[in-house]
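Reader: Could you take me through the cavities in this one, slowly and with the definitions spelled out? I'd like a close look at one of them in particular.

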Amino acid sequence: MPTQSANAQLEASTIRRVSWRLMPLLLAAYIICYIDRVNVGFAALQMNKAVGIDPKTYGLGAGIFFIGYFILEVPSNLALQRFGARTWIARIMITWGMVSAAFALIGGPTSFLVLRFLLGAAEAGFFPGVILFITYWYPAHYRAIIVGIFMVAIPVAGLIGSPISGAILYMDGILGLGGWQWIFILEALPAVLLGIVTFVWLTDRPDSASWLTAEQRQWLNTTLESERRRASRISHPSVWRVMSNKYVLIMALVYSGAAGASSSLALFMPQLVKSFGLTNWQTGLVNAVPFGISAIWMILWGLNSDRTGERVWHNALPLAWMVAAMVAAFFAIGNLWAMVPLLTLIAAGTYASKGPFWALSSEWIGATSAAARLAQINALGNLSGFAFNYLMGYIQAETGSYPLAMMPIALTAAVGTLCVLVIGRGQQRTVPVTP
């Protein structure tokens, strides 16, 4: 019989091997995914004037992405289970890369809207597919930290993508193409290439992992199978009971504010920063600052939540300071040095809340049909991206005010903050796990 110490060493070596094999590729893929989703924010600095896209149409196009994403999210996950993660994730990446490159052919508002819808449809299933893939490789008590590491890709994408996109705009006129067209072409190539690498590199299940030792495969399979057997005894309520569960609806509302701020910030912030009279390169550098700080703060805030076992205030406080920063933006109009710290607070709020949010959601909804309920929260929260981005474009076009355009998001986030605090009263603090 192996000793407890030997088992612990086997577990540690297995998880370490799995993580080094899978996570760098998945993290890189999500960074590229998010850059291709939001690079239209920088392309718009030239594209909107070049092909005649007004702010209202831009806002509609920014939001319509989430319609295609919403419609095909579940079918894509079902296809992943049928065809295997390696094949399906690679297919998603290559498809969204090709659609993203096709944005260079935009000739007007109609083609812009069609391609934004198709990009959402092509990307649909990537994030939930990777989350499902993680369950094939990691025991339950590792998944929160692994998902947290994976989601750091969102602010990192803004940190990396902003200066790159700003620099590519200077390629305007090369080979007769606009700088905005080069953004789509050059930033789509990594998705296609990494999709091919994914097909070669990823392994569908531990059974097929020749890069694990026989002992490591046996430990991982035994552990995961034990968890699956326990899960199979859990009942599954009807779809209506899932959708009408008060915690699902409340957390979907809370997530709507954070998700709306995240997508709108990425898609509209380059135009806001550019409005201060900066060059494209300066816009890219300044735009990267909030994302860089947010990436660090996201990790520190999540670690503190895990260390203390506290979820409610770790979810509510970032949303609250995000709302306060949005309101304060009215007083920073015309002052770049005041606006950048406020944009940083907004970004740090939306990203810092993500880790504690999903931990809190998991604890509140319980084990029964947790997957369905979490998927419902994610779907409804992301669908809000359509409404908020459209409203951002519409209000900005009508009033010329970016702070005013942020108010629907601020109001939703404020209501979500109050909901978390009210329903969280009396909730027992999670006992932190000592490593």
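Author: Let's start with the second largest cavity, where H8 gives the most to the lining, with six residues. Helices here are DSSP runs (H or I, at least four residues), numbered from the N terminus. A cavity is a set of points on a 1 Å grid over the protein atoms alone where a 1.4 Å probe fits but cannot get out, and lining residues have an atom within 4 Å of a point. Keep in mind that this is a predicted model, where local features need pLDDT of at least 70 and side-chain atom pairs count only at pLDDT 80 or more, while totals for chains, interfaces and linings use all residues. Residues are numbered from 1 along each chain as its sequence is written, and side-chain values use heavy atoms, with hydrogens and water left out.

Back to our cavity: its volume is about 130 Å³, meaning the space filled by probe spheres set on the points, with grid points joined across faces, edges and corners. Its lining has 17 residues, and Val38, Ala157, Gly158, Gly161 and Ser162 lie nearest the centre. Besides helix H8 (153-168), the helices H1, H12 and helix H13 (280-308) each supply at least two lining residues. By class, the lining splits into ten nonpolar, six polar and one charged. Nonpolar here covers Ala, Val, Leu, Ile, Met, Phe, Trp, Tyr, Cys and Pro, charged covers Asp, Glu, Lys and Arg, and the others, Gly among them, are polar.

Technical notes:
On a 1 Å grid over the protein atoms alone, a cavity is a set of points where a 1.4 Å probe fits but cannot get out, and a pocket is an open set with protein on both sides within 12 Å along at least five of seven lines; lining residues have an atom within 4 Å of a point.
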